[in-house]
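This briefing is meant to be read beside the sequence and the model.

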Amino acid sequence: MLGKKQNVKKVQAGRKVTFRQTYQYHLLMLPGFLVLFIYTIIPFFGNIMAFQNFQPILGFFKSRWVGLDNFRHMLLLPDTARIFRNSFVIAVGKLVFTMVFSILFAILLNEINHIKFKKTIQTICFLPHFLSWVILATIFRNLLDTNGIANQLMMSSGLIKEPLMFLGSNKIFQGVIISTDVWKEFGYGAIIFIAALMGINPELYEAANVDGAGRLQKIWHVTLPGIRVTIVLVATLNIANILNAGFDQIYNLYSPIVYKSGDIIDTYVYRMSFINTQYSLATAIGLLKSVISFIMIVTAHGLAKKFANYRIF
């Protein structure tokens, strides 16, 4: 009897793996870890500037320590609420609409039976993701100019009487930023949903056909439930970028005219650091952004675990 208990304990404990047996895998991980350490972990210690009156000539160790004064000063600035609000609105708009269009595109692509046509559409929609915003900003500036194609088409069709300033109006600028980013990213974002759709059991569609379900009914009752876990996973991972409204895009498209609606945390920190040389204040704002993002992703992870099995469709 005692021998049986010992055997059960050994089976439960499993085989012990030593470092000597797995050192090859650790060596494979080493280059990636070094890159992560150099470009992420070491710069993280620069956040000490948020608690100093940092002077480049004095460096980290001799600059005067001011505690939380930079955070108090940040909260008193009239620009703080505006840049956090703009970042949140633009980032949420991008995440929601990109995800919705990615799911719709993946479902529509899944309904196409012609392989060559399907591959062509897929490739065309993936390509914009690989283009830099430096290039795309130049294209969109020409398209959305007061004398650009967009205004000419709308005026010739009678939709508007006067040309719109797409990149110079605080009422329109956020919509332009969100829509252009969705156009660029929805095709690439659909990759994971296309992979999830391929994992749905075809027998479920056959059973739906037997029950007389139409195309939309099969999408609602078979396709969407089949990728429900993937949707929750992608939404949870995207929460980490809830305040990342896209520095590259906005920096290349905005101007002082639209600071009211287009200025986000990253562009504000850039100006405070490299133009106004207020390094400590800029670091404090960036650190607060990181803390808020961390809290939100932890909260989202908890909610995702709670509602992952909740039937929505």
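The structure is a predicted model. Two helix pairs are described, H10 with H13 and H11 with H12. The largest nonpolar core has 43 residues, and another core, of 18 residues, lies apart from it.

**Packing of H10 and H13**

- Helix H10 covers residues 191-198 and helix H13 covers residues 228-238; their axes come within 10 Å and cross at roughly 160°.
- Because angles over 145 degrees count as roughly antiparallel, H10 is roughly antiparallel to H13.
- The crossing of these two helices, H10 and H13, is right-handed.
- On the H10 side the contact is made by Ile192, Phe193 and Ala196, and on the H13 side by Thr230, Ile231 and Val234.
- By class, the residues of the H10 and H13 contact are 5 nonpolar and 1 polar, with no charged residue.
- As background to such contact lists, an α-helix has 3.6 residues a turn, so residues three or four places apart point the same way.

**Packing of H11 and H12**

- Helix H11 (residues 202-210) packs against helix H12 (residues 215-226) at an angle of about 145°, and the two axes are 10 Å apart.
- The crossing of H11 and H12 is right-handed.
- H11 contributes Leu204, Tyr205, Ala208 and Asn209 to the contact, while H12 contributes Lys218, Val222 and Thr223.
- The contact of H11 with H12 holds 4 nonpolar, 2 polar and 1 charged residues.
- Ala207 also belongs to helix H11, and its relative accessibility of 38% makes Ala207 partly exposed.
- Ala207 and Val222 are 15 residues apart along the chain, and their C-alpha atoms are separated by 10.0 Å.

**Nonpolar cores**

- Within the largest nonpolar core, of 43 residues, the members that touch the most other members are Ile90, Ile103, Phe105, Phe193, Ile227, Ile250 and Leu253.
- Helix H5, residues 78-111, gives the most to this core, with 8 residues.
- Ile227, one of the core residues named above, is in contact with Ile103, Ala196, Leu197 and Ile200, leaving aside neighbours within four places in sequence.
- Another core, of 18 residues, lies apart from the largest one and includes Ala50, Phe71, Leu95 and Leu243.

- Helix H16 is mostly covered, with 7 of its 10 residues buried.
- The buried residues of H16 are Ile265, Thr267, Tyr268, Val269, Arg271, Met272 and Ser273.
- Arg271 lies in helix H16 and has a relative accessible area of 12%; Arg271 is therefore buried, the cut-off being under 20%.
- Beyond its neighbours within four places in sequence, Arg271 is in contact with Tyr254, Tyr259, Asp263 and Asn276.
- Thr277 lies in the loop between helix H16 (265-274) and helix H17 (279-307).
- The phi angle of Thr277 is near 55°, which is a positive value in a residue other than glycine.
- Thr277 counts as partly exposed, at 47% relative accessibility.

- Asn142 lies in helix H7, residues 133-143.
- With a relative accessible area of 53%, Asn142 is exposed.
- Leaving aside neighbours within four places in sequence, Asn142 is in contact with Gly148 and Ile149.
- From C-alpha to C-alpha, Asn142 and Asp263 are 22 Å apart in space, and they are 121 residues apart in sequence.
- Asp263 is also one of the contacts of Arg271.
- Thr180 has its place in helix H9, residues 173-189.
- Thr180 is buried, with a relative accessible area of 6%.
- Leaving aside neighbours within four places in sequence, Thr180 is in contact with Trp133, Phe140 and Gln249.

How values were computed. Residues are numbered from 1 along each chain as its sequence is written. This is a predicted model: local features need pLDDT of at least 70, side-chain atom pairs count only at pLDDT 80 or more; totals for chains, interfaces and linings use all residues. Side-chain values use heavy atoms; hydrogens and water are left out. Axes are lines fitted to C-alpha atoms, for helices over the stretch in contact, and angles run from 0 to 180 degrees between N-to-C directions. Helices (H or I, at least four residues) and strands (E, at least two) are DSSP runs, numbered from the N terminus. Angles under 35 degrees count as roughly parallel, over 145 as roughly antiparallel, 65 to 115 as roughly perpendicular and the rest as oblique. A crossing is left-handed if the near helix is turned anticlockwise from the far one by less than a right angle, and right-handed if clockwise. Contact means heavy atoms within 4.5 Å. Ala, Val, Leu, Ile, Met, Phe, Trp, Tyr, Cys and Pro count as nonpolar, Asp, Glu, Lys and Arg as charged, and the others, Gly among them, as polar. A nonpolar core is a set of buried Ala, Val, Leu, Ile, Met, Phe, Trp, Tyr and Cys residues joined through side-chain atoms within 4.5 Å. Buried means under 20% relative accessible area, exposed over 50%, partly exposed in between (1.4 Å probe, protein chains only).
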